[in-house]
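Here are some notes for a colleague who is opening this entry for the first time.

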Amino acid sequence: MENLLKFVQKSDAFDTNSKLKLILFLSGAKPSTYIQLRIDKNLHDKHEFEDLLKENNILFEASKPKGYEEITGIKANAAVWKLKGTWYGYDLFKNKEFNAKFLEYITLLKQKKHDTADRLAGVIYGYPQCCIETFIREHNKAQLAKKYSAYQYYKRLHDCDQKFPFISHTPCSTVCKQTKKLNLQYANAVKRKAPEFYKKYAKKRTYRLPLIVDVESSDIKWKKEDGHDYMLITKNPLEGRYCLMSWLSRGKYKRGTVIDATVTLQYDYAIINVHKKTGYLKNFHHERRFAKP
Ligand SMILES: [Zn+2]
């Protein structure tokens with residue numbers, strides 16, 4: 001398993017989130033996981049990854065190749081996306097039992113038995129039951145809009161992101177005991193099994209830079225519109241690429257507004273502190289050939 005852990009940490013084929021999930025899976029903390037492997041000039045990484053999985057007797061299923069795009073520039077009032085390469089999805093399982101449960105999960109989805117499927121997914125990926133039940137209840141958007149104001153709902157999601165950076169489910173609350181326990185257990189597993197990755201992941205980086213306000217993340221009709229969850233795009237590359245980040249604001253901003261902000265990156269989230277509006281890109285939009293972001 002050490003050879004796989006080493007490969008995962010140094011390979012460019014996995015983004016941070018996939019690396020985290022792979023490390024947790026390989027350390028035995030997660031019974032199953034789903035990750036993405038990206039290929040542009042590094043085709044040998046796919047072969048090496050699959051050889052190492054087989055060598056370690058890990059059951060896996062790989063998807064067909066799909067194209068992936070990245071923002072390559074901001075031109076006038078558009079974010080321009082270009083095809084960068086292909087990616088493959090991998091489902092990995094601890095043993096035959098979890099692989100069988102996963103196949104059952106796919107069947108349930110095809111039969112549109114979503115609640116039963118979600119409960120089974122909780123078992124497959126090791127999510128707490130309280131969070132799964134909340135997740136199922138919150139599928140009902142009308143109920144969600146009744147229970148929370150817009151600000152309350154997104155605040156909960158953002159607070160959970162910051163409080164539990166090692167888990168990948170949606171916690172039922174910021175004080176969920178099971179999630180807290182899992183987050184700590186995962187953090188310790190990563191620290192022990194992949195100390196280099198841990199150091200990089202936990203490192204705080206602060207930048208002051210212009211950001212473009214894009215669309216709001218949902219179209220739920222909240223009873224109280226007291227907050228807006230915006231997608232922001234860095235106007236220039238940050239740490240080598242254009243980044244998308246989500247930002248909860250009390251105030252309303254027009255799409256295309258340029259803001260001057262301080263961004264602190266740590267784990268898988270960004271804390272954004274806005275100083276002032278500095279511009280406006282009229283009719284801001286995305287130029288991409290494939291899916292919408
Ligand atoms: Zn919970």
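1. Strand 5 (residues 205–216) and strand 6 (residues 228–234) run antiparallel and are joined by four bridges; strands here are DSSP runs of E with at least two residues, helices are runs of H or I with at least four, and both are numbered from the N terminus.

2. Please keep in mind that this is a predicted model, in which local features need pLDDT of at least 70 and side-chain atom pairs count only at pLDDT 80 or more, while totals for chains, interfaces and linings use all residues. Residues are numbered from 1 along each chain as its sequence is written.

3. The open sheet has five strands in the order 7-6-5-8-9, with antiparallel pairing, where two strands pair if DSSP finds at least two bridges between them. Strand 7 (244–249) and strand 9 (269–280) are the edge strands, each of which pairs on one side only.

4. The domain assignment, automatic or from a database, divides the chain into domain 1 (2–152) and domain 2 (204–287). Their C-alpha centres lie 25 Å apart, and 17 residues of domain 1 are in contact with 22 residues of domain 2, contact meaning that C-beta atoms placed from the backbone lie within 7 Å.

5. On the side of domain 1 that touches domain 2, at least two residues each come from helix 2 (16–26), strand 3 (66–75), strand 4 (78–93), helix 7 (141–147) and helix 8.

Terms used. Contact = placed C-beta atoms within 7 Å.
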